[in-house]
Amino acid sequence: MSQGRPVILVIDDDPTARLFVRGALEPAGMIVTEASGGQESLTVFEKLTPDLVVLDIVMPEMDGYLTCSRIRSLPRGKRIPILIMTGLDDPNSIALAYEHGATDFINKPVHATILCHHIRYMLRTSNVLQALVRSEARLELAQRIARIGNWDWNPRTNRFSMSNELCRLAGIRPQDFGGTFEGFLQLVHPDDRSAVRRALDNLVHHRALCDIDHRIVLPNGTDFTIHLQAEGVREEETDELTVIGTAQDITERKQAERAIHRLAYYDSLTGLANRVLFKDRLSHAISHAERHGQTLATLFIDLDRFKVINDTLGHTVGDLLLTQVAERLSESVRQSDSVARHADQEPSHALARLGGDEFTILLTALPNPEDAGRVARRILEALAHPFNIEGHEVFIAASIGISIYPSDGATVEALLKNADTAMYHAKEQGRNNCQFYSSGLNAAAAERLDLENDIRRALEREEFIVYYQPKLNIHSRKILGAEALIRWKHPKRGLVTPGVFLNAAIDTGLIRPMDEWVLRKACSQVKAWEQAGLSPITVSVNVSNSLFHGRTLPTTVGDALRESGLNPNQLELELTESIAMRDVEASITMLEGLRTMGVRLSIDDFGTGYSSLSYLQRFPLSRLKIDQSFVKDLQTNDNNVKITKAIIAMAHSLNLSVLAEGVETEEQLARLREEGCDEVQGYLFSRPVCAEDFELLLRGGADVRTAA
């Protein structure tokens, strides 16, 4: 509408009629301009561009029908409101008026006040319509710039509407889209359809927020990634649920994220992990090894005479040699170490290039430290074969240093430093060999023997103690139970964690009496807390392979419950996937017997083993524990988010509760709560503490965030 007062064009060959309209509208603040015929009106219209036209039908030369059609054909006449005001009132005249583009129709004679209000209403309607058109045009332009489309879906009718921009992104014409939910799913990549359907089903049935990345397949077979978001709204009149959503093309963002991730964590020449990523993986491996009493090894590899080759044949040959060396190192390390893959595959990396001609390898869960030496020798054998590079036959060797956790260090820096020291010792020994950091295997064996003897004496002298780490409801943060963890109160070393003595206990068979002792102690302690007036809680005890696959576990559990008076459903036994899968049928029989006793059963560190889901559903379990390796990178690793979400969904589908361990930040807690996790434990709430300190937690006398 023109600035300030609206301009009205009156087209009528009768001066009296034009005067009537002027007299009705000008007092209401409108500007009235006149035209006595159709041809004159076209000239006036193009010059003034009025806000509304009042048009008579019966006029000489060019009647109102043709005039209306001509105005509609003008560039600015498509949406202008046109009011036909005529003495004709037969149905045919009215129909013809609308067919030629009239907005509304009114008969002469008409009262001036009615005419004024009629035109005011038409002007308001025109303003709203033009604003809507402008808004839609700007929205469509904004969506095109942002590469984002919108859609809505009525689950009851299955009507699915997509905006023009979303159709354009998907490579289809709006008229070719079927308009159903199934039609939309056909655009989704086959591997992503179940996730999309599940996310929208959760929104419809559980009002869960839909926020998911998935791929759309274009007609030419290529695909791109979109970020799909949706919420449900209830229609006021019908109370029907309508799902409103957006879909944004994030392909470039994903590519940029991968590129940034590669630059930050991967070596640009070889594609291997760089120093930053390797140290992060080593730190994670140390934490895991400490918790599970495992041995790991760090191999530090330095190529012999590489500088001579690089200086003689040039940097191009040197770079190609490093690339081929990386490939041979990858082939030499056992398959289970998942090495030398690219950034978009997100494996647990064990091989890295630190820079120059230096490489490192991480070997986890070693049965024996000597196995690291076997891997090192396999590497030396692989590198002994000549390299053919741009017509040059190049020979290279390597010096390898090995450090062992925990004997050679318990930190990333210590293990790398000691492996580096051992590597230089290998060079001093003539190169092309490997050396352990320790002074020799005999000394290591003697130390191991001393440790085994200390463990035997510790059992006799009752030097072991039980620490407890609380398990909490993820919503209320109320302590629901505790995990019992063994510690060794050594008379000289002080408090010793399981990472130091657990392997020796397993190898000597002492792990079974240790497990049995922890089981009895934990049951008695929980019952004692209950008798002291504290609320009943559950206690979980880790079960080793030796105890689980022996014949004494049911008897031991029964004795511990009977002696302590603890209710069986307050005891939970935790076993790993690898233990349960060792002998599936025997495991099922054992678990069924324990469940009959009323004991709860759970799988610890779920997702890190190789269990079969077909067997897992046969196990009479009550809980799955998500391994802390998935929890640690929830905020930075999309794959960990997807795995965690899948574990929770699968567990709930099997009527199992889910506990996430290793929760250290509020952000991790919030994400787990969002994904539907039931319980949590970790340093965010408390480290494992002695029985006295745990009692303070139960009584509310200590802050679980700062407990030692």
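Colleague: In which sense do β12 and strand β13 (residues 358-363) pair, and over how many bridges?
Modeller: The model is predicted, with residues numbered from 1 along each chain as its sequence is written; local features need pLDDT of at least 70, side-chain atom pairs count only at pLDDT 80 or more, and totals for chains, interfaces and linings use all residues. Side-chain values use heavy atoms, leaving out hydrogens and water. Strands (E, at least two residues) and helices (H or I, at least four) are DSSP runs numbered from the N terminus, and pairing requires at least two bridges found by DSSP. For β12 and β13 the sense is antiparallel, and the count of bridges is four.

Colleague: Is N274 buried or exposed?
Modeller: N274 is found in the loop between α9 (251-265) and α10 (275-292). Its relative accessibility is 13%. Buried means under 20% relative accessible area, exposed over 50%, and partly exposed in between (1.4 Å probe, protein chains only), so N274 counts as buried.

Colleague: Which residues does N274 touch, not counting those up to four places away in sequence?
Modeller: Contact means heavy atoms within 4.5 Å. With residues up to four places away in sequence not counted, N274 touches L263, A264, Y265, Y266, D267, A352 and R353.
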